[in-house]
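Me: I would like to go through this model term by term, asking what each word rests on. Please set each value against its definition before concluding.

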Amino acid sequence: MKILFIILTVSYILLRILFTYLDKKGGKTEAKEKLALKYFTEDDIKKGKEYHDRGFGAGVVKKIIDLLFPLVFFFSGFSVCLSDILTPLSFGYLTAQTALFALCYILIQFLLNLPFMYYFSYVLEHKFGFSNLTLKDWLIYNIKQFSVSAVINILIISAAYMTFRKAETNWVWFIPAVLLVFDLILTFLYPYLVLPLFYKKSNFEQGEYTKPIFEVANKAGIKLKKLFQINESKYSKHTNAFFTGFGPEKSIYIFDTLVKNNTPEEVASVVAHEAGHWKHHHVLKGIALGFFGSFVIAWLIALTFPEFSNGLEISKAAGLPLLLFILTVYTYFTTPLDSFISRKMEVTADTFELKTTQKKEVFISSMVRLAKDNKSYLYTDDFLTFWFASHPPMLARIKMAEEFQADEVKNA
Ligand SMILES: [Zn+2]
């Protein structure tokens with residue numbers, strides 16, 4: 001079944017080339033333009049396109065390096081060389097060897113990526129007026145982010161490799177189960193473990209904003225225990241809000257940037273959207289979907305690489321780059337399903353928001369503000385949206401809100 005892997009890899013490369021072309025070309029249609037001009041100026045639209053196209057050439061170079069990195073690492077023999085060097089350092093513990101190997105791999109990848117990160121998330125974000133960071137703070141932020149993600153990834157890789165060895169042929173079931181446990185733990189511990197590393201949390205003290213937020217939570221059946229504010233403005237102008245906690249008793253975290261840029265009604269509307277996600281158990285459904293997805297991919301690996309089926313061959317540290325490449329290719333083909341389900345969830349949350357607030361004009365004004373503040377590109381290609389978009393395009397969300405009221409009037 002190696003032929004399936006080869007077909008998928010070739011399709012993966014061709015698709016990435018096609019998507020790069022479609023992304024540059026965009027998907028402007030007459031209908032989209034007509035709707036856009038109702039809420040945006042020509043200048044807004046132009047700025048969105050400029051921001052969307054930023055660093056195109058550097059982006060292409062980065063994509064090529066990302067594609068080749070694991071392959072060169074593995075096929076050049078560097079992988080085996082590195083794992084030999086690490087053997088005496090791991091005192092005969094295979095898991096220690098895997099962890100050290102993973103650390104080296106992730107570190108080299110990070111260093112290779114650093115110039116691109118500097119260009120995209122520092123130079124260009126400043127040029128377009130999004131970033132508030134000094135170079136020193138930018139570096140600290142990225143090193144912190146790298147450290148957190150390295151710790152999480154090394155734990156996951158080590159646990160997966162241990163499972164490969166211990167579970168033998170059953171790894172196809174066991175690995176997704178191990179990943180599921182990680183996913184659950186991370187989701188629930190994130191606000192307590194990861195969030196404090198990056199943000200300062202304070203009590204939300206924005207008088208006029210509090211009442212509409214409580215009203216929305218009440219309507220959604222959420223008992224709000226605490227309102228927190230976190231200082232996203234230290235990093236960017238990005239806006240958000242999210243709930244934490246078990247059962248119907250919740251705390252809400254609101255980005256200070258959301259309050260800075262929006263009216264109390266708009267903030268309440270955003271909170272209603274998040275409440276919709278909670279009400280429909282989207283986080284748990286997402287985790288269940290992740291489990292299903294990782295099972296499909298594990299099964300595909302076992303099918304196309306029968307030599308891995310006893311879990312022993314795959315469990316050698318030197319094979320990690322190849323395994324990661326295989327994962328990247330296979331995950332690419334499960335992405336459209338993931339994106340489709342995510343967009344469905346967003347539509348559900350948007351509908352919940354509209355039903356709760358009954359204010360379509362507030363929904364639309366906050367969408368328009370969001371698009372302007374983030375310099376969103378309005379004419380994304382439909383095939384790209386189908387494959388990757390976690391949210392429906394901005395114009396589709398605005399159109400849904402417009403039609404939502406029409407429905408309500410019709411049904412009344
Ligand atoms: Zn959402």
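Reply: Axes here are lines fitted to C-alpha atoms, for helices over the stretch in contact, and angles run from 0 to 180 degrees between N-to-C directions. This is a predicted model, in which local features need pLDDT of at least 70 and side-chain atom pairs count only at pLDDT 80 or more, while totals for chains, interfaces and linings use all residues. Residues are numbered from 1 along each chain as its sequence is written.

Me: Why are H12 and H15 called roughly perpendicular?

Reply: The axes of helix H12 (residues 264-279) and helix H15 (residues 360-373) come within 9 Å and cross at roughly 90°. Angles under 35 degrees count as roughly parallel, over 145 as roughly antiparallel, 65 to 115 as roughly perpendicular and the rest as oblique, and H12 and H15 are therefore roughly perpendicular to each other.

Me: Which residues of H12 and H15 meet?

Reply: Two residues are in contact if their C-beta atoms, placed from the backbone, lie within 7 Å. Glu265, Glu266, Ser269 and Val270 of H12 meet Val362, Phe363, Ser365, Ser366 and Arg369 of H15. By class, the residues of this contact between H12 and H15 are three nonpolar, three polar and three charged, where Ala, Val, Leu, Ile, Met, Phe, Trp, Tyr, Cys and Pro count as nonpolar, Asp, Glu, Lys and Arg as charged, and the others, Gly among them, as polar.

Me: What makes H4 roughly antiparallel to H6?

Reply: Helix H4 (residues 56-75) and helix H6 (residues 94-127) pack at an angle of about 170°, with their axes 11 Å apart, and that angle makes H4 roughly antiparallel to H6. Ala58, Lys62, Ile65 and Phe69 of H4 form the contact with Gln109, Leu112, Phe116 and Tyr119 of H6; the contact of H4 with H6 has six nonpolar, one polar and one charged residues.

Me: How do you know which strands pair with E2?

Reply: Helices (H or I, at least four residues) and strands (E, at least two) are DSSP runs, numbered from the N terminus, and two strands pair if DSSP finds at least two bridges between them. Strand E1 (residues 201-203) is joined to strand E2 (residues 223-230) by three bridges in the antiparallel sense, with Ser202 bridged to Gln229 in E2 and Lys201 opposite Ile230 in E2. Seven bridges join E2 to strand E4 (residues 249-255), and E2 and E4 run parallel.

Me: Why do E1 and E3 count as edges of the sheet?

Reply: The open sheet has four strands in the order E1-E2-E4-E3, with mixed pairing. E1 and strand E3 (241-244) each have a single partner strand, so one side of each is left without a neighbour in the sheet. The twist averages 35° from one strand to the next.

Me: How do you know whether the radius of gyration agrees with a compact globule?

Reply: The radius is taken over C-alpha atoms, and the globule rule is 2.2 Å times the number of residues to the power 0.38. For 412 residues a compact globule would have a radius of gyration near 22 Å, and the protein has 23 Å, which agrees.
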